[in-house]
Amino acid sequence: MKTDPANSTDIHSESFLHLLMRRQLKLSIVCAATFIVALFCLPLLNFYAPELMATRVGGFTLTWLILGVLFFPYVWVISYTFIKRSIALEDSEVRKVEAAKKNGRSGEAGR
Amino acid sequence: MNALAEAFAGHPGLLAAVDPWILSFSSVTVIVTILMGFWAAKKSKTASDFFVAGRGVSVGWNSAAISGEYLSAASFMGVAGMVMSSGYDALWYPVCYACGYLFLLLFIAGPLRRFGAYTIPDFAEGRYDSPVFRKIAVLFVLCICFFYTMPQMKGAGVTLSYIFPGLPYWVGVALVGAIITLNVALGGMKGITLVQAFQFWIKLFAISVPVFVLMAVYGSYGKQLAVNGIPQTPGAAIELSSSVSGAASEVHRLALPEKAPKDDLWMAPFGPLTTKAAKASHLSAEDTRSYALLYTYSLIIALVCGTAGLPHILVRFYTNPDGVSAKKTTMWVMILIGVFYVFPPVLGVMGRNLLPELYNGVGSKGTDKVVLELPRILNEKVPYLGSILSGITCAGAFAAFMSTFSGLLVSMTGALAHDVYGRILRPNSTAQDRMRMFKWCAILIGGVAVLLGSCVEKLEINFMVGQAFAIAASSYFPLLFMSVWWRGMTLKGAAAGMLTGGVLAVVAISLTSFSTLAAGNDGMAKVFSVFKPLGAFWTAHPLVRILCEQPALWAVPLAIITMIVVSKLTSKDIPKDIHMKMLVLHAPEKLGLKQEYIQEHEGAGH
């Protein structure tokens, strides 16, 4: 089990886990931030710019249109991006580990 | 059944007032649901089939089933009712119900699935190697689910008293409760995956078709909204129709009763829902708005975080074959429910313009039934069309509360039979014993749910679901989020945080609901009369009232901080194999770590 701590392709090493969790968390947080900014700004806009948000757009008020209709596709885009990226991230981890295993084995055989 | 017979005997005109179309559509839905349950019961033989559907459900089926289970009476009836009664502010509910899934997807769904366990108590036990923690987690499963069943039961009571005018509210609750309990006791979860998926499509059909027909006849979503905020004088109405559509078609609107909120309040943010507490204390307009902003944020936090902590939804993620399909399932769930949630507010808006008399009703006769009754006005234009569409929405409502109540019942029964009985009371019981217990637990819990449901006629369906979300947000969400992403969490930290947040949220929420039930002079007010003095306290302290009604704003951070502080204090108790646990939670499944983890555990004599 004891391995070189700098070797981030050994899946049991501390650095592999650390790196993996950091990459995953970074992706999740970026996506969450995109979502939260919109979600938390809307009440603020309602609070500070009520006239603007009450502008009529095809019968809707602007804020009603955003919240009642446009918010859903916005979230779909975020979740689609997240899923694509996170699947890609997993695949790249798997490839890295497998490549390292192969190199390790061929290295041993060559010795 | 006797009660139903008595109710019919006591009101000879009752059956005559029943619309045959509505009755037949609803009956067909109920009968098909039950038949599917029995059919599936025959196919599920083993105990693990019973608990999580054999773990092999495809993405399409599973996402429709999750959506079907998630879209409860609150989504189907409550959202429209609340948009009608409170206007813009109620829109936060459908949006956050749908978007809360994003949080689940981003932070929790993948890791939890990789860890692999049947239920949240399983996860709690596995992550902290503690059977004690399992007991605490089970307690919260039951608590959150009971809060969530109450609005479903109200939905049942409202629908049945709409179909059979004059039928007492509680009879409807008892009847539907009995039918579903029987179905769950006989069918288990395999049946429910199929039935839930099927019911999602019923619900989507039942809400969208009436909306499209009503819009075609009475004017589109935008036009219906456009008449709100325009003074109700004939001259203004003509001006409006020319400015909005430019055509001769004019949106027809009935006069609002006294009790209805005025247009400007209804249409704009910070309306009746979020300003209620501040208005009751006669605060200045500026203070009222600030408090309403606070209320809005607390509501958002509760709904978004609460979705990620709902036990009956999380258990579904274990029915995916792997982590990638768990993510794909979440994506599809978000699309399916997002599409659904556009429709109920449309009915709420139309209800305000076309069926304003509902503002005068209370309890089961109030705005919560707008979805059921609104399509019926089409009878004026085309004979029978209104009744048929109203029958369809009633069928959808049945699908809504039946599917969610079944899902909750399975979660609660699973917790009782699988965890309390199978693991705590009698660890040596055979699979057959547990199956038999499953049935008895279902009956016990169904009975309690009916009792609770009979008490809450006065509370809005949607509001009650929001409360259940707030409790989930303050207990399970911090537990899951922190356990997955922070390796420094200890058992004591997790338990302390979850209990602090969860218990305080339950107390705060119960106090506000009890005082609402205590107001007035009906029978229920007498039962809760102990809480009457609270009303005066709330008036004196509107901020406290808001923070108790919507506790997520303080309860979620409090739970997380408690977790961090207690974990730091007890940091020597961090599980020894935490590294391996985190690896199983986060490493891609293709690396096969789960297998290694299990072998290590078995080797260590677990």
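Me: Which residues are buried in H19(B)?
Reply: In this predicted model, the buried residues of H19(B) are Met437(B), Phe438(B), Cys441(B), Ala442(B), Ile445(B), Gly446(B), Ala449(B), Val450(B), Gly453(B) and Ser454(B).

Me: How do you know that the length of helix H19 of chain B agrees with its 25 residues?
Reply: Helix H19 covers residues 431–455 of chain B. The expected span is 1.5 Å times one less than the number of residues. For 25 residues that should be 36 Å. The end C-alpha atoms are 37 Å apart, which agrees.

Me: Why is Thr393(B) called buried?
Reply: The cut-off is 20 or more other C-beta atoms within 10 Å. Thr393(B) has 33, so Thr393(B) is buried.

Me: Where is Thr393(B), and in which helix?
Reply: Thr393(B) belongs to helix H18 of chain B, residues 385–425.

Me: What is Thr393(B) in contact with, leaving aside its neighbours within four places in sequence?
Reply: Ala206(B), Pro210(B), Val371(B), Leu372(B) and Pro375(B) are in contact with Thr393(B). A contact here needs C-beta atoms within 7 Å. As for Thr329(B), 64 residues apart from Thr393(B) along the chain, the two C-alpha atoms are separated by 27 Å.

Me: What makes the contact of H21(B) with H24(B)?
Reply: H21(B) brings Ala508(B), Leu511(B) and Thr512(B). H24(B) brings Arg545(B), Cys548(B) and Glu549(B). By class, there are 3 nonpolar, 1 polar and 2 charged residues.

Me: How do you know that H14(B) and H25(B) are oblique to each other?
Reply: The axes of H14(B) and helix H25 (residues 552–569) of chain B cross at roughly 55° and come within 8 Å. Roughly parallel needs an angle under 35 degrees, and roughly perpendicular starts at 65. The pair is therefore oblique.

Me: Which residues make the contact of H14(B) with H25(B)?
Reply: Tyr297(B), Ser298(B), Ile301(B), Ala302(B) and Cys305(B) come from H14(B). Ala552(B), Leu553(B) and Val556(B) come from H25(B). They divide into 7 nonpolar, 1 polar and no charged.

Me: How many residues of chain B are in contact with chain A?
Reply: 43 residues of chain B are in contact with 41 residues of chain A. Helices H6 (92–115), H10 (221–226), H14 (285–307), H16 (323–354) and H26 (578–586) of chain B each supply at least two residues of the side that touches chain A. H16(B) gives the largest share, 10 residues. By class, that side of chain B has 32 nonpolar, 6 polar and 5 charged residues.

Me: What is the secondary structure of chain B?
Reply: Chain B comes to 27 helices and 0 strands. Of its 606 residues, 57% are buried. Among contacts in chain B between residues at least 6 apart in sequence, 81% join residues at least 24 apart.

Me: What is the secondary structure of chain A?
Reply: Chain A has 3 helices and 2 strands. Along the sequence, the pattern is α-α-β-β-α. Chain A has 111 residues, of which 30% count as buried. Of the contacts in chain A with a separation of 6 or more, 43% involve residues 24 or more positions apart.

Note on methods:
Residues are numbered from 1 along each chain as its sequence is written. Chains are lettered from A and ligands numbered from 1 in the order in which they are written. This is a predicted model: local features need pLDDT of at least 70, side-chain atom pairs count only at pLDDT 80 or more; totals for chains, interfaces and linings use all residues. Two residues are in contact if their C-beta atoms, placed from the backbone, lie within 7 Å. Helices (H or I, at least four residues) and strands (E, at least two) are DSSP runs, numbered from the N terminus. Ala, Val, Leu, Ile, Met, Phe, Trp, Tyr, Cys and Pro count as nonpolar, Asp, Glu, Lys and Arg as charged, and the others, Gly among them, as polar. A residue is buried if 20 or more other C-beta atoms lie within 10 Å of its own, exposed if 12 or fewer, and partly exposed in between; C-beta atoms are placed from the backbone. Axes are lines fitted to C-alpha atoms, for helices over the stretch in contact, and angles run from 0 to 180 degrees between N-to-C directions. Angles under 35 degrees count as roughly parallel, over 145 as roughly antiparallel, 65 to 115 as roughly perpendicular and the rest as oblique.
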